[in-house]
Each structure stands twice: as C-alpha cells, then as structure tokens.
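Please keep the sequence and the model in view while going through the points.

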Amino acid sequence: MKIVVDTNIFLAACLSQGAANAVIAACLRGQAIPLMGTALFNEYEDVLARTTLFDRSRLSAEERNELLDIYLSVCQWTRIYYGWRPNLPDEGDNHLVELAVAGNSQFIVTRNLRDLSRMELNFPHLTVLTPESFWLCHR
C-alpha cells in the first residue's frame, strides 16, 4: 500500500515513540510504500534543520539524518505532472494531496486532519488518517 507521510509524522517519530514511530517503522519494514516528491523532501529537510525543535529529541542530529537517509531509501520518488490544487485552507499542504494523487496513494498520514479533510476537490480513493488510526487499521 502506498502512503504519504506528512512531515509532522516524521518529526514526531524523531521526538518520541508511539504511533508516528510505528508508521515510519512500517515503511522501513516494507509494509507500506511511502511516496516522496520534491516539495515534501524540501519540507523534511527544512524541518530537520530546525535544531530548536529537537532540544528534547532522543536522536542526535547525525542519527536523525541517518534515519532520513534510510527512510528515503524506501520511498518511491513521485513526480507531480499536474497540479490539482485541492484548495486546502493552508496552501502549503496542497502538495501532499497532489503527491498522493500522482502516486496513486491510498492514505495521507498526518496530525493535520483539520486542514487536510477540508479539500474542495474530492478524491474518493484517498483517506486522511492520524498515525494512530493508520496503525490500528493496518498492523
């Protein structure tokens, strides 16, 4: 199954244990195929560069970068040839839906349900889930 893992899930996996870790671990075990695109990759790198976010992290900067490299090795690079513009409340989230549609993903895993569930365009095959819901449905 193909999924899009929002940046907030990867960040949470670096900061704590729990459902976010389980989602990333499922990807690393091959139980889910995470999609990656240019905008999402840039967002991951931007967030990992914000050192103040990781003051309480159990992982060092080197370990976080290594985790990202390992995670990227299992990602399916997906090019977006057509911008659907689902018109989410936060313009910066539109790329997640576009990546999911371009890669034929079934799920977007995020903590941002409020914004991502308010698309103006409807994609019936696409479900937006929290990491807890994803983990309960797909373990």
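1. In helix α4, the residues Arg-64, Leu-67, Leu-68 and Tyr-71 are buried. Buried means under 20% relative accessible area, exposed means over 50%, and partly exposed lies in between (1.4 Å probe, protein chains only). Seen down the axis of α4, these buried residues fall within an arc of 100°, so they line one face of the helix. The arc is that of the directions from the helix axis to the C-beta atoms. An α-helix has 3.6 residues a turn, so residues three or four places apart point the same way.

2. Which exposed residues does the face of α4 turned away from its buried side carry? They are Glu-62, Asp-69 and Ser-73. The cover over the buried residues of α4 includes β1, α1, α2, β2 and α3, where contact means heavy atoms within 4.5 Å. The end C-alpha atoms of α4 are 20 Å apart, which agrees with the 20 Å that its 14 residues should span at 1.5 Å a residue. This expected span is 1.5 Å times one less than the number of residues.

3. The model is predicted: local features need pLDDT of at least 70, side-chain atom pairs count only at pLDDT 80 or more, and totals for chains, interfaces and linings use all residues. Residues are numbered from 1 along each chain as its sequence is written, and side-chain values use heavy atoms, with hydrogens and water left out.

4. The pLDDT (the predictor's confidence in each residue, from 0 to 100) averages 87 over the protein, and 85% of the residues score at least 70.

5. The protein has seven helices and five strands. Helices (H or I, at least four residues) and strands (E, at least two) are DSSP runs, numbered from the N terminus. Their order from the N terminus is β-α-α-β-α-α-β-α-β-α-β-α. Of the 139 residues, 46% count as buried. Among contacts between residues at least 6 apart in sequence, 65% join residues at least 24 apart.

6. Why is helix α1 (residues 7–15) described as largely enclosed by the rest of the structure? The reason is that seven of its nine residues are buried. These are Thr-7, Ile-9, Phe-10, Leu-11, Ala-12, Ala-13 and Cys-14. Their cover includes β1 (2–5), α2 (19–28), α3 (38–48), α4 (61–74), β4 and α7 (131–137).

7. A search of the whole structure finds zero disulfides, a disulfide being a pair of cysteine sulfur atoms within 2.5 Å. For Cys-75, the nearest cysteine sulfur is that of Cys-27, 7.0 Å away. Cys-75 counts as buried at 15% relative accessibility, and Cys-14 is buried with a relative accessible area of 0%.

8. Thr-110 is placed in the loop between β4 (107–109) and α6 and counts as buried, at 0% relative accessibility. Its side chain makes a polar contact of 3.2 Å with the side chain of Asn-8. A polar contact is a pair of N or O atoms within 3.5 Å; within protein, one must be able to donate a hydrogen and the other to accept it, and residues adjacent in sequence count only if both atoms are side-chain atoms. A polar atom of the Thr-110 side chain also lies 2.9 Å from the backbone nitrogen of Asn-112.

9. Arg-50 is found in the loop between α3 and α4. Arg-50 is partly exposed, with a relative accessible area of 42%, and a polar contact of 2.4 Å joins its side chain to that of Asp-46.
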